[in-house]
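I opened this model with a notebook beside me and wrote down what I looked up. Here are my entries, in the order I made them.

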Amino acid sequence: MRHNFGAGPCILPQEVFKQASRAILDFKDGLSILEISHRTPEFESVVEEAGRLVKELLNVPEGYSVLFLQGGASLQFAMVPMNLLGDGETASYLDSGVWAKKAIKEVPFFGKVNVVASSKDDNYSFIPKDFIIPEDSAYFHFTSNNTIYGTEMFEFPETKVPIVCDMSSDILSRVIDVSKYDLIYAGAQKNIGPAGVAVVIIKDEILGRIDRKIPSMLDYKLHIEAGSLYNTPPVFSIYVAMLNLRWLKSKGGVAEIEKENIAKAHALYTEIDRNPLFKGTCAVEDRSRMNVCFVMTNSELEKPFLKYVEENGIEGLKGHRSVGGFRASMYNALPITSVHTLIELMQEFEEKTNN
Ligand SMILES: *Cc1c(COP(=O)(O)O)cnc(C)c1O
């Protein structure tokens with residue numbers, strides 16, 4: 001058995017893979033999910049159910065729409081300011097990692113950007129705190145979990161300014177209060193489903209405030225009116241996402257999976273802090289539950305350790321090139337038994353090294 005700690009596209013439940021593969025052969029009356037029209041009632045009900053499950057699992061209040069769009073989270077970096085930031089207005093951003101930086105890069109096409117704080121000089125090893133969000137900002141944007149650096153934001157910013165959040169790598173991993181957000185977006189391939197679709201949760205009333213002309217495919221309003229079916233959507237990605245959302249519901253929903261995610265993260269960080277061969281790379285209070293980044297105290301042991309775990313069933317543990325070392329991504333579908341396996345290997349390697 002392989003244990004997939006990859007950062008994304010990531011592990012999904014085995015039963016979702018099985019159901020998805022059955023639907024490739026026979027989704028409806030012998031037709032594959034890959035060949036049906038997106039205008040059939042069967043597929044319309046897939047989109048409808050997927051949207052309903054997102055709303056149910058995250059307890060999304062009235063007045064919000066759920067969209068399934070293409071272009072990944074990266075297109076949202078541009079769609080957000082295009083739809084929400086008027087010419088001459090300023091949007092405030094927290095620079096907590098490379099994804100935040102890429103979001104910031106798109107803003108000047110549409111308006112002004114104010115970076116409230118940055119941890120770049122410390123290689124994004126912590127989440128900046130005590131920043132000020134000017135009250136005249138059109139919105140405030142932050143990244144709830146920094147996938148590459150392994151930091152996660154557990155304190156919600158205090159502000160009256162509309163909040164936009166890139167939640168790509170921790171959406172559905174913990175309970176959140178959606179009513180505090182005006183727009184949430186997430187590339188699906190970390191906790192929602194396979195690559196090819198992004199989920200956007202948007203408070204309807206924040207739209208239509210600015211008068212910029214927006215190309216059809218980039219216009220949230222148009223996608224809301226079309227129910228995510230303005231053009232051919234990524235049919236299979238949405239279908240598998242729906243299966244995964246059903247799985248999450250059957251597990252007891254977000255509150256239940258959050259308990260498991262806390263247990264997984266606690267177990268691994270405890271071992272990193274106990275085992276003298278390893279050390280974490282970021283501020284303890286900002287440690288992510290989804291992406292655990294660590295290095296070895298003796299960097300010469302990193303290659304042999306990686307080889308050792310890979311020979312013993314571990315996949316995707318190599319750290320991102322900008323941090324080095326290791327990154328254990330532990331999304332919802334990763335079972336705690338995989339985390340226990342990794343911990344045992346860390347302990348075995350410690351024994352081997354001591355002898
Ligand atoms: C992976 C990731 C992205 C990029 O997502 P794409 O779907 O590849 O565009 C953006 N933000 C965060 C936080 C991510 O983890």
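**Entry 1: Tyr124**

I began with Tyr124, which counts as buried at 4% relative accessibility. For my own record, buried means under 20% relative accessible area, exposed means over 50%, and partly exposed lies in between, with a 1.4 Å probe and protein chains only. Tyr124 sits in the loop between strand S4 (112–118) and strand S5 (140–143). I then looked up its backbone and found phi near 55°, a positive value in a residue other than glycine.

A note on the ground rules: this is a predicted model, in which local features need pLDDT of at least 70, side-chain atom pairs count only at pLDDT 80 or more, and totals for chains, interfaces and linings use all residues. Residues are numbered from 1 along each chain as its sequence is written, and side-chain values use heavy atoms, with hydrogens and water left out. The helices (H or I, at least four residues) and strands (E, at least two) are DSSP runs, numbered from the N terminus.

I found Asp29 in the loop between H1 and H2, and it is exposed, with a relative accessible area of 69%.

Which peptide bond is cis? I traced it to the one from Gly8 to Pro9, where omega is near -5°. Pro9 belongs to the loop between strand S1 (3–4) and H1.

**Entry 2: helix H1**

Helix H1 covers residues 14–25, 12 residues in total, and reaches 17 Å from its first C-alpha to its last, close to the 16 Å expected at 1.5 Å a residue. The expected span is 1.5 Å times one less than the number of residues in the helix.

Which residues of H1 are buried? I listed Val16, Ala20 and Ala23. They cover an arc of only 60° around the axis, which puts them on the same side of H1; the arc is that of the directions from the helix axis to the C-beta atoms. I jotted down the general rule too: an α-helix has 3.6 residues a turn, so residues three or four places apart point the same way. On the other side of H1, I found Gln14, Lys18, Arg22 and Leu25 exposed. The cover over the buried residues of H1 includes helix H6 (235–250).

**Entry 3: Ser32**

Ser32 is in the loop between H1 and helix H2 (41–57). Is Ser32 buried or exposed? I have it as buried, with a relative accessible area of 9%. Leaving aside neighbours within four places in sequence, Ser32 is in contact (heavy atoms within 4.5 Å) with Ala23, Ile24, Leu25 and Phe27.

**Entry 4: helix H6**

H6 is mostly covered, as 12 of its 16 residues are buried; among them are Tyr239, Met242, Asn244 and Trp247. What do the buried residues of H6 pack against? My list reads H1, H2, strand S2 (64–69) and helix H7 (253–274). After H6 comes Gly252, with a positive phi near 105°.

**Entry 5: the ligand**

I counted 13 residues around the ligand, of which Ser74, Thr147, Asp166, Gln189 and Lys190 come nearest. A residue is near a molecule if one of its heavy atoms lies within 4 Å of it. The largest share of this shell, four residues, comes from helix H3 (residues 72–84).

- A polar backbone atom of Ala73 is 3.0 Å from an oxygen atom of the ligand.
- A nitrogen atom of the ligand has a polar side-chain atom of Asp166 at 2.6 Å.
- An N or O atom in the side chain of Gln189 is 2.9 Å from an oxygen atom of the ligand.

The protein covers 88% of the 380 Å² of accessible area that the ligand has on its own, by the Shrake-Rupley method with a 1.4 Å probe.

**Entry 6: Val284**

My last stop was Val284, in the loop between strand S11 (278–280) and strand S12 (291–296). Val284 counts as exposed at 58% relative accessibility. The C-alpha atoms of Val284 and Phe126 are separated by 8.5 Å, and the two residues are 158 residues apart along the chain.

Notes. A polar contact is a pair of N or O atoms within 3.5 Å; within protein, one must be able to donate a hydrogen and the other to accept it, and residues adjacent in sequence count only if both atoms are side-chain atoms.
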